Amino acid sequence: MSILELRGLSYDYKTKAGAVHALKEATATFEKGVVYAIVGRSGSGKSTLMSLMAGLDVPKQGDIFYQSEDLRSFDRDRFRREHIGMIFQSYYLLPQLTAVENVELSLELAKYRGNKRKRAEEMLTLVGIKKEQFKKRSTQFSGGEQQRIAVARAIATDPDIILADEPTGNLDNENSMNVVKILVDLAHQYGKCVIIITHAAEVAERADIVLKMDDGILLTKG
Ligand SMILES: Nc1ncnc2c1ncn2[C@@H]1O[C@H](COP(=O)(O)OP(=O)(O)OP(=O)(O)O)[C@@H](O)[C@H]1O
Ligand SMILES: [Mg+2]
């Protein structure tokens, strides 16, 4: 059974200049344990697609199924909290908090019941942040480290779907590959469904399946 299925998803933005058809009948299925890359020109609709998959927005037309169940039957905020981990180009860590506090905060918001500090520390270790660094403020980390902390935050609640929008957009090649390796391991070793939006060919190459957005149309790349 696929974890996420999109059927005929369309989305328009209303602007003063008229409607922008950002997504045109997108259909796709996503499985656990697989890394997907979504590529395509700027403005082709990739982030729009991601916000629908995350339950941040609702399609104007079409359906999304999570484990064969219509997303409409879920409380969308709860769906996102329980099943989705998100990573962005700008890491969005809270600057006044330490690395470990940033991860703990997301556990707090998700009403995580276990030992939050312990879980946060485990996640930071998983992404390669050293124990001595846990209590350093997030602004004192390099970009690559900050993105790894953001990954730790995204996976702390153990979501089964990880959505990353240009996660390596601000990183050099070495740091990009470190982050991509973590994302690939999350799929291949931990069974997550990992979906990465990227402009970088070397990132897309690491995916198992590449999807292409072309002017709002979603295609599977051969
Ligand atoms: N809030 C908005 N209001 C109006 N139009 C929007 C809005 N957000 C996106 N669009 C338009 O919808 C289309 C798809 O945008 P989207 O952000 O999904 O593209 P993208 O593929 O993620 O691009 P990029 O690679 O630059 O991030 C574009 O034509 C864009 O201008
Ligand atoms: Mg985008």
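In this predicted model, the axes of helix H5 (residues 143-155) and helix H6 (residues 173-188) come within 9 Å and cross at roughly 15 degrees. Axes here are lines fitted to C-alpha atoms, for helices over the stretch in contact, with angles running from 0 to 180 degrees between N-to-C directions. On the H5 side the contact includes Gly143, Gly144 and Val151, and on the H6 side Asn175, Val179 and Leu186; contact means C-beta atoms, placed from the backbone, within 7 Å.

Turning to the strands, an open sheet of four has the order S2-S1-S4-S5, with antiparallel pairing. Two strands pair if DSSP finds at least two bridges between them; strands (E, at least two residues) and helices (H or I, at least four) are DSSP runs, numbered from the N terminus. S2 and strand S5 (69-70) stand at the edges with a single partner strand each, so one side of each lacks a neighbour in the sheet. S1 and strand S4 (residues 61-66) pair over five bridges.

Ligand 1 is surrounded by 13 residues, the closest being Tyr13, Ser42, Lys46, Ser47 and Thr48; a residue is near if its C-beta atom, placed from the backbone, lies within 6 Å. Helix H1 gives the largest share of this shell, three residues.

Residues are numbered from 1 along each chain as its sequence is written, while chains are lettered from A and ligands numbered from 1 in the order in which they are written. Local features need pLDDT of at least 70 and side-chain atom pairs count only at pLDDT 80 or more, whereas totals for chains, interfaces and linings use all residues.

Definitions and conventions
Two residues are in contact if their C-beta atoms, placed from the backbone, lie within 7 Å.
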